[in-house]
Amino acid sequence: MFFSSQKTQHYLACQYEKRNIKDSNGKSFENCYSFIYYLEHGKKYYTLADQSPQEIKPVLLFYGMIQLMKACILTVDPDYPESSSVLAHGLSTRKRKKRSYEFLQDEVKVQKTGLFNHFCEKMFHMKHIEGEKFLMDHLLKLLPELGPLYKQMDGSVHHIKMNKENQQIYTLSNEAADLLHMSDERFMEYINHSLHPKLSIQHTITPSEHYLIKLNPDLAPYHCFPLSYHLEEETYYFPIDREILQLPPLNELMVHYVILYNLSMLSRYDTEWWSELFHTYSSVELPFINQFLNITAQKIPYLFGQWLHAKNIP
């Protein structure tokens, strides 16, 4: 739909008008083709990644994601990029890897300026994440599609599936409270305070006791922390890992960006370690990396599509 300049210009003008941005028609005319080219460029990266060897996919997927991010930012920030400070990636990682380097235990740090901070602030009104450090293992555990692999590799379980009754009502086993070592009352209090007004919960006594959870229709699959959306199963998962619950409220778009940034850096600048990973099969991390690359190639275009189409397209 967006590969029509007339439709795209009208769409952008509507987004700017809703934000009371001056000269919405002029701005939408100026940004129309940039928006289309960002999407087109991103699409080419993802198409090429689908045809490429696994070793170079992180670079293609990371830059494909960046193009889609820029298109989405342009719908809320007509002056993007206003300065060169927002063009940097906005993240950093260790420059020199130790001999005993383990990807799952690696950290990425958020910088003061750059695309990541600009994206978080403009699209999701998230500030004050400068200096935050994210462990790769924690971020990967946020993705429900990786749940079966974690269970196979080390027997750990990090989420419980929520069963979908309809578009708004889900059920969650009361085992979730037990696994988090919370009383029924404490668990319900935690949910209602943590996620309000996105989500409400009540305890339903049935032969198979469960919590009845009602999701706000505005709850998006890309912005539902601490819940996680499973793309293929079209339902949400609830975390039963306290380490996940203690993370800043990242949404999944941010999680994929941080992981892809780190993987693309390894692919480009730590070629020896990266090549050995794929050819010696000596690391337990390769299955996680391969699975993540398969997931992000499908999920990120879907999530960005959901964000664009949720903007009340006229």
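## Contacts and basis of the model

A contact means heavy atoms within 4.5 Å. Of the contacts in the chain between residues at least 6 apart in sequence, 68% join residues at least 24 apart.

The model is predicted: local features need pLDDT of at least 70, side-chain atom pairs count only at pLDDT 80 or more, and totals for chains, interfaces and linings use all residues. Residues are numbered from 1 along each chain as its sequence is written, and side-chain values use heavy atoms, with hydrogens and water left out.

## Overall form

The chain has 12 helices and 10 strands; these are DSSP runs numbered from the N terminus, with helices (H or I) of at least four residues and strands (E) of at least two. The chain is as compact as a globular protein of 314 residues, because its radius of gyration is 21 Å, close to the 20 Å of the globule rule. That radius is taken over C-alpha atoms, and the rule is 2.2 Å times the number of residues to the power 0.38. Along the principal axes, the C-alpha atoms fill a box of roughly 60 × 50 × 35 Å.

## Burial

Of the 314 residues in the chain, 52% are buried, meaning under 20% relative accessible area (1.4 Å probe, protein chains only).

## An open sheet

Three strands form an open antiparallel sheet in the order E1-E2-E3; two strands pair if DSSP finds at least two bridges between them. Strand E1 (91–92) and strand E3 (133–135) are the edge strands, each pairing on one side only.

Strand E2 (residues 107–110) pairs with E3 over three bridges in the antiparallel sense. Glu-107 has Leu-135 in E3 as its bridge partner.

Notes
Buried means under 20% relative accessible area, exposed over 50%, partly exposed in between (1.4 Å probe, protein chains only).
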